[in-house]
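Reader: I would like to learn how to read a model like this one. Please show me the structure, then take me through its features.

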Amino acid sequence: TTLAHRHGVGVYIALNALLTTRDLDRAAGLVEALVHTVRPDAFIIQDLGLIPLARRAGFKGEIHLSTLANVSFPAALPWAREHLGVDQVVLPRELDIDEMRAMGAACPPGLGLEVFIHGALCYGVSGRCYWSSFLGGKSSLRGRCVQPCRRNYQQDRTRRRMFSCMDLSLDVLVKVLRTIPQIRTWKIEGRKKGPHYVYYAVSAYRMLRDEGHDPQAKKAALGLLEQALG
C-alpha cells in the first residue's frame, strides 16, 4: 500500500463472496489481518455482513458495494449511505444510460457511483449465477466460477457458444458518462488478464476521457482497444 500511495494509486481489496455461518470466524480473521497488514483504502464487498466485521476490526477506509450486491434501483442508494455507511456503489452492467442517470439523480451526498466500461460480460445478471455451482459445486458467488457459459453447446446440428456474451465496450458512451457527475469511477474488468491488456485498455480510456474531442486521439484510442480484446 505504501508503494501504491507513493505512485498515487489506491489499493482496493475485493471480498466478493457470500458468507455462510461457518465462514464468519475465518472472514473476521482475514479482514482483521488485511486491516492491520495491508491497510487497504477500500473493501469491495457483496455480503453486507462484512461491513460490521470490517468496522469492528478498526477499518477506517471506504466501503464499496460490489455489483453482486444488487443495488440496481434508485431508492436503494440513500438507504445504503444512511444505514450502511457505504461510500461507493458499483452499478450493474445491465443498466442502460437512462437508468444510470436516474441512479445519479438519486445519489445522496458522499456517495459515488462506479460503472463497468470494458471487459467480459456475464450470462447471469451481474454475476449472480448458480450454473457453475449446479454443474460442479464451484459457486460463482464464492469466486470460483468455471464459466460453463463459455463452452460450446449443441442444439440439433448446430454447435456453438450459445450463452457466451460479446465483450462490453462503452467507448461510444464516454462523453455521455461524463455528464453524470455522480459516476466518479470507470471500471475495466480484467480478471485473469495480462499486463498488456491492462496497459492498452487503461491507456485507451484515459485518451478517450481526456482527448476524446480530438479525432486523431480518438482513432488512436480505438486502435489500442483492438489490442485489448477478450
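This is a predicted model: local features need pLDDT of at least 70, side-chain atom pairs count only at pLDDT 80 or more; totals for chains, interfaces and linings use all residues.

Reader: Where else does β5 find bridges, starting with β9?

Author: Strand β9 (residues 183-188) runs parallel to β5, with five bridges between them. Val115 stands opposite Trp186 of β9. Strand β8 (residues 168-169) also pairs with β5, in the antiparallel sense and over two bridges. There, Gly119 has Leu168 of β8 as its bridge partner.

Reader: Is β5 (residues 112-119) mostly covered or mostly open?

Author: The general idea is that side chains in a regular strand alternate between the two faces of the sheet. In the case of β5, eight of its eight residues are buried, where buried means under 20% relative accessible area.

Reader: Which strands pair with β3?

Author: β2 pairs with β3 in the parallel sense over four bridges, and Ile44 stands opposite His64 of β3. β3 also pairs with β4 in the parallel sense, over two bridges. In that pairing Leu65 has Val89 of β4 as its bridge partner.

Reader: How do I read a crossover, and what is the hand of the one from β3 through α4 to β4?

Author: Look along the strands as they point away from you and follow the path over the helix; clockwise counts as right-handed. The crossover from β3 through α4 to β4 is right-handed. β2, α3 and β3 also make a right-handed β-α-β unit, and so do β4, helix α5 (residues 97-105) and β5.

Reader: How do I find the covered side of a helix, and which residues of α4 are buried?

Author: List the buried residues, then see where they point around the axis. In α4 they are Ala76, Leu77, Ala80 and Leu84. These four lie on the same side of α4, because they cover an arc of only 105 degrees around the axis. The elements that cover them include α3, β3, β4, α5 and β5. Just after α4, Gly85 takes a positive phi of about 65 degrees.

Reader: Which residues of α5 are buried, and which are exposed?

Author: Met100, Met103 and Gly104 are the buried residues of α5. They cover an arc of only 100 degrees around the axis, so they sit on the same side of α5. Asp98 and Ala105 are exposed on the other side of α5. Among the elements covering the buried residues of α5 are α4 (76-84), β5, α7 (174-177) and β9.

Reader: How do I read aromatic pairs, and how many are there?

Author: Take the distance between ring centres first, then the angle between the planes. Five aromatic pairs are counted. One of them is Phe43 with Phe59, a tilted pair at 4.6 Å centre to centre with 50 degrees between the planes. Phe43 lies in strand β2 (residues 42-45) and Phe59 in the loop between α3 (50-56) and β3 (62-65), so this pair ties together parts that are 16 residues apart in sequence. Both Phe43 and Phe59 are buried.

Tyr153 and Phe163 form an edge-to-face pair, at 5.6 Å centre to centre and 85 degrees between the planes. Tyr153 is in strand β6 (residues 153-155) and Phe163 in the loop between β7 (158-160) and β8, ten residues apart.

Reader: Why does Tyr153 count as partly exposed?

Author: Tyr153 counts as partly exposed because its relative accessibility is 22%, and the buried class is under 20%. Phe163, with a relative accessible area of 28%, is partly exposed as well. Ring pairs link Tyr153 and Phe163 with Trp131 into a cluster.

Reader: What sits over the rings of Phe116 and Tyr197?

Author: Here the thing to look for is a charged group above a ring face. Arg93 lies over the face of Phe116, 3.7 Å from the ring centre. Over the ring of Tyr197 sits the charged end of Lys193, 5.1 Å from the ring's centre.

Technical notes:
Residues are numbered from 1 along each chain as its sequence is written. Side-chain values use heavy atoms; hydrogens and water are left out. Buried means under 20% relative accessible area, exposed over 50%, partly exposed in between (1.4 Å probe, protein chains only). Two strands pair if DSSP finds at least two bridges between them. Rings of Phe, Tyr and Trp (its six-membered ring) pair if their centres lie within 6.5 Å; planes under 30 degrees apart count as stacked, over 60 as edge-to-face and the rest as tilted. A charge sits over a ring if NZ of Lys or CZ of Arg is within 6 Å of the ring centre and within 35 degrees of the ring normal. The arc is that of the directions from the helix axis to the C-beta atoms. Contact means heavy atoms within 4.5 Å.
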